[in-house]
Amino acid sequence: MEEFKSGFVTIIGRTNVGKSTLINLLVGEKIAAIANKVQTTRTAIKGIINREKSQIIITDTPGIHKPKHKLNETMIETSFATIPDSDIILFLIEATSEDIGRGDRIILEKIKESKRKAILIINKIDLVKRENLLKLIDIYSKEYKFEAVIPISAYQEKYKNIILDEIEKNLKEGPAYYNIEEYTDQTMRQLAEETIREKALKLLQDEVPHGIYIEIEKMKLRKNKQKEEIYDIEATIYCLRESHKGIIIGKNGEMLKRIGRAARIDMEQNFGLKINLKTWVKVKQDWLDNSSIVNSKFKLK
């Protein structure tokens, strides 16, 4: 009988290289917020991939960037803290790089320090010529002995099994750590907060989204008159300034309605039941540097 394998994998890379898109592709479920904006992922999010002969626990981490606030510092600390506990590291870089940039160099040195098995994944290959890609592979291959180098476009399904097969090949024999029905260690409350934040990220102006965080105030399951299960969810969107509050609410409350509607549709698909979502907006100045808020919501537990 063939052995069953299991292990812990970390996806690490700079901001906006496609880590959240990649983890959603590999898990086959939407567990991480995706938006075309930097610093979308704020905490380590675990996905659970159950295969016939393995269980892969994969962690999406915040992107590496220059810190400006306590939140940024905590995000970077969270990313690097996952490396020593990993069996395999997926180092995600962009094909458009011509050399090893400062952010990628910092990550590479952390990988070298850890001496962990690592797979180099080069994303956005559709944006470069073959000779440029080969040059980049050569540069990185001279720096570290990667178990494999996999050029991909993270939005394409065809790369999913190529990556998972490579991970599985490099895992050791081990038990299933989670129930095979599970696909994330996040609670429904956390998934709801992530969903609302993602919709806000996508719909709001650039200066507003990274100054917000979401708090689910109430989450209660009940049955309606038709005996259907329905979740009553009440959420507060916290922002930094009164001017931001006005933008989030929008004229006649239209922007807040759009965020709520988009989040509700996503949650109903993810949770498989009806959602009654109510949202409010409140100002909490300087929360980005408030240690108690940042540590309770974003620090690696």
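In which sense do strand 4 and strand 5 pair, and over how many bridges? I started my notebook with this one, keeping in mind that the model is predicted.

**Entry 1: the strands.** I found that strand 4 (residues 88-94) runs parallel to its partner, strand 5, with seven bridges between the two.

**Entry 2: Lys124.** Next I looked up Lys124, which sits in the loop between strand 5 and helix 4 (130-141). Its relative accessible area is 25%, so I put Lys124 down as partly exposed, since that label covers values between 20% and 50%. Which residues does Lys124 contact, leaving aside neighbours within four places in sequence? I listed Asn16, Val17, Glu94, Ala95, Ile152 and Ser153.

**Entry 3: a helix pair.** I turned to helix 6 (residues 188-203) and helix 8 (residues 254-271), whose axes come within 9 Å and cross at roughly 135°. That angle makes helix 6 oblique to helix 8. I recorded the crossing as right-handed. On the helix 6 side, the residues that meet helix 8 include Met188, Leu191, Thr195 and Lys199. Among their counterparts in helix 8 I jotted down Met255, Arg258, Ile259 and Phe271. Sorted by class, the contact has twelve nonpolar, one polar and four charged residues.

Methods. Residues are numbered from 1 along each chain as its sequence is written. This is a predicted model: local features need pLDDT of at least 70, side-chain atom pairs count only at pLDDT 80 or more; totals for chains, interfaces and linings use all residues. Side-chain values use heavy atoms; hydrogens and water are left out. Axes are lines fitted to C-alpha atoms, for helices over the stretch in contact, and angles run from 0 to 180 degrees between N-to-C directions. Helices (H or I, at least four residues) and strands (E, at least two) are DSSP runs, numbered from the N terminus. Angles under 35 degrees count as roughly parallel, over 145 as roughly antiparallel, 65 to 115 as roughly perpendicular and the rest as oblique. A crossing is left-handed if the near helix is turned anticlockwise from the far one by less than a right angle, and right-handed if clockwise. Contact means heavy atoms within 4.5 Å. Ala, Val, Leu, Ile, Met, Phe, Trp, Tyr, Cys and Pro count as nonpolar, Asp, Glu, Lys and Arg as charged, and the others, Gly among them, as polar. Two strands pair if DSSP finds at least two bridges between them. Buried means under 20% relative accessible area, exposed over 50%, partly exposed in between (1.4 Å probe, protein chains only).
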